[in-house]
Amino acid sequence: PPLFLIHAAGGLATSYTRLVSALPPDLPAIGVQSRAAADSGRAEFETIETMADAYAGLVSGRQPDGPIHLLGFSFGGYVALAAAAALERSGRDVGLVALLDADPNWADTTRSREERARVVINDVMTTLVRDLGLLDGLDGRQLARSADTLFGSLAQASEGQRVELI
């Protein structure tokens, strides 16, 4: 069965070019690009869930029998997880869901949207401290308070203000 490659946040599947060139020649790989990237006149899906449902239909139509294999890079990993769930709900067999640079905890649907947002903010702030050496001098409690403060500010801000806050 082919490997469906779900695009990252930029919407293009071209980020998989080197990976595809390293795959065995008998393994077909099919890139799934954002509809907005593929057709500049079309709007992007409003949620990961609606995007995933559309992609589930797309890959199921392209691979009507047998297991579905999905790979998602970064943002595409979250879409691949959600598409796999949609495929399984429709009775399809999902043989593989591979994530590259995507933390499955961020897409944990057992948590509320607010809880997932808190996890993402906390993880990003932890990365800033631990991996990048930024926000020096904050201990764990201060970091948690800062993350909660940022989350509260984002929850009350308009969409335009959120980018500025982050």
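User: Which residue follows α4, and what is its phi like?
Analyst: That's G91, with a positive phi near 95°. Helices here are DSSP runs of H or I with at least four residues, strands are E runs of at least two, and both are numbered from the N terminus. Bear in mind that this is a predicted model: local features need pLDDT of at least 70, side-chain atom pairs count only at pLDDT 80 or more, and totals for chains, interfaces and linings use all residues. Residues are numbered from 1 along each chain as its sequence is written, and side-chain values use heavy atoms, leaving out hydrogens and water.
User: OK, how many salt bridges does a search of the whole structure find?
Analyst: One. A salt bridge means a side-chain nitrogen of Lys or Arg within 4 Å of a carboxyl oxygen of Asp or Glu.
User: Which side chains meet in it?
Analyst: D53 and R89, at 3.7 Å from N to O. The pair links distant parts of the chain, 36 residues apart: D53 sits in α3 (residues 48-62) and R89 in α4 (residues 75-89).
User: Is R89 buried or exposed?
Analyst: Exposed, with a relative accessible area of 63%. D53 is partly exposed, at 41%. The cut-offs are under 20% for buried, over 50% for exposed and in between for partly exposed (1.4 Å probe, protein chains only).
User: New topic: what do the buried residues of α4 pack against?
Analyst: They pack against β1 (3-6), α3, β3 (68-73) and β4 (94-100). Among those buried residues are Y78, V79 and L87.

Methods
Contact means heavy atoms within 4.5 Å.
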